[in-house]
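Visitor: I have a model open and would like to go through its architecture. Could we take it step by step?

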Amino acid sequence: MFGKHAAFILPAYAITLVVAVALVVWIVLGYRSRQREIARLERGGASRHGRKADRASSGETR
Amino acid sequence: MNQDTQTLSPAPSWWMRLANPTRFMTFADRVIPWLAGLAAIVAAVGLWLGFSAPEDYQQGATVLIMFLHVPAAWLAMMCYSVMSLSALGTLVWRHPLADVSLRAAAPIGAAFTLLALVTGSLWGKPMWGTWWVWDARLTSVLVLLIIYLGLIALARAIEDPVQAAKPLAIMTLVGFINIPIIKFSVDWWNTLHQPASVSRFARPAMDAAFLYPLLVMALAYTLFFFTLHIMNMRNEILARRIRVLKLRQAGR
């Protein structure tokens, strides 16, 4: 199909596919690991709404 | 709040409403599947059109590499332009997500630039008889890749993203000087790389059989870029939340 130029055309398509898939996989895995990390930290008692919220969620009073 | 105050306070634009990271995450979750699906459909159409096109009378089947190489090169420059706009967003408008956008785009831009260089090399060997030549176009694109890598390294070198935002934005804007150099390198210097053959809208120097698949592939690459960019912005926002949570935990 590609004649004598197959050795150039096929690697071009293969490399493009590999880089595109690698980008998607890298971003999706990064998203999942960050979500897991946030869940772990929030289970550990940290809250991104500040110390007031931390105290409230832990039942602490002044 | 009285009636006068209500009249004087305009509703925030959708642009500013997206400045809220939680609102952006909701927006991203809704938009990503649609953008990704659209990118896949447009890419399938572009590939079908490309593989249905006849062989070029001079280049033979290697014209198929053009449908990958040219959009990758366009996106390499477009991505840097998005980063430069984001840098202005950080420095001038102080949009809270501008720095997030800049950081998220850098690795994607580096990947597109790498693809432009590699597919260009694979196209150059059968057409020019060489994998590489230090002409102005190829060299300036290599410089773009180095700039991308430098910006990624700078972003990682400074731990606090808020502190890193300003130097990163300034360095990004300094690097923008390379974009017009890439674009006009083929006009300003004698290069082995051919001059523009599509952007001459009056009469593109390309047959419609090749022009349409090329434009459809460029649209597919653009949609793919924005899908990845929004996905990576979501990751960057989560990374900042993790940092805040860790600091808070350490401070207790």
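Visitor: In what order do the elements of chain B run from the N terminus on?
Guide: This is a predicted model. From the N terminus on, the elements of chain B are α-α-α-α-α-α-α-α-α. Chain B has 9 helices and 0 strands.

Visitor: And how many helices and strands does chain A have?
Guide: Chain A has 2 helices and 0 strands.

Visitor: What does the C-alpha trace of chain B span along its principal axes?
Guide: The span is about 70 × 40 × 35 Å.

Visitor: What percentage of the residues is buried in chain B, and what percentage in chain A?
Guide: In chain B, 37% of the 252 residues are buried. In chain A, 11% of the 62 residues count as buried.

Visitor: Turning to the core, how many residues does the largest nonpolar core have?
Guide: The largest nonpolar core has 66 residues. Those with the most contacts inside it are B:Ile65, B:Ala72, B:Ala76, B:Cys79 and B:Phe112.

Visitor: What does B:Ala76 touch?
Guide: Leaving aside residues up to four places away in sequence, B:Ala76 touches B:Gly109, B:Phe112, B:Thr113, B:Ala116, B:Val141 and B:Leu144.

Visitor: How do helix 4 and helix 5 of chain B cross?
Guide: The axes of helix 4 of chain B and helix 5 of chain B come within 7 Å and cross at roughly 155°. The two helices are therefore roughly antiparallel to each other. Their crossing is left-handed, and the residues of the contact divide into 21 nonpolar, 9 polar and 1 charged.

Visitor: At what angle do helix 5 and helix 6 of chain B pack?
Guide: Helix 5 of chain B and helix 6 of chain B pack at about 150°, with their axes 9 Å apart. That makes helix 5 of chain B roughly antiparallel to helix 6 of chain B. The crossing is left-handed.

Visitor: Which residues of helix 5 of chain B meet helix 6 of chain B?
Guide: Among them are B:Ala106, B:Gly109, B:Thr113 and B:Leu117 in helix 5 of chain B. The residues they meet in helix 6 of chain B include B:Val141, B:Leu145, B:Tyr148 and B:Ile152. By class, this contact has 15 nonpolar, 2 polar and 1 charged residues.

Visitor: What about the angle between helix 4 and helix 7 of chain B?
Guide: Helix 4 of chain B and helix 7 of chain B pack at about 135°, with their axes 9 Å apart. That makes helix 4 of chain B oblique to helix 7 of chain B, since only angles over 145 degrees count as roughly antiparallel. The crossing is left-handed.

Visitor: Which residues meet there?
Guide: B:Met83, B:Ser84, B:Ala87, B:Thr90 and B:Leu91 in helix 4 of chain B meet B:Ala165, B:Ala169, B:Thr172 and B:Leu173 in helix 7 of chain B. This contact has 6 nonpolar, 3 polar and no charged residues.

How values were computed:
Residues numbered from 1 in each chain as written. Chains lettered and ligands numbered in written order. Predicted model: local features only at pLDDT ≥ 70, side-chain atom pairs only at ≥ 80, totals over all residues. Core = buried A, V, L, I, M, F, W, Y, C linked by C-beta atoms within 7 Å. Buried ≥ 20, exposed ≤ 12 C-beta atoms within 10 Å, placed from the backbone. Contact = placed C-beta atoms within 7 Å. Helix = DSSP H or I, 4+ residues; strand = E, 2+ residues; numbered from the N terminus. Axes fitted to C-alpha atoms, helices over the stretch in contact; angles between N-to-C directions. Parallel < 35°, antiparallel > 145°, perpendicular 65-115°, else oblique. Left-handed = near helix turned anticlockwise from the far one by under 90°. Nonpolar A, V, L, I, M, F, W, Y, C, P; charged D, E, K, R; others polar.
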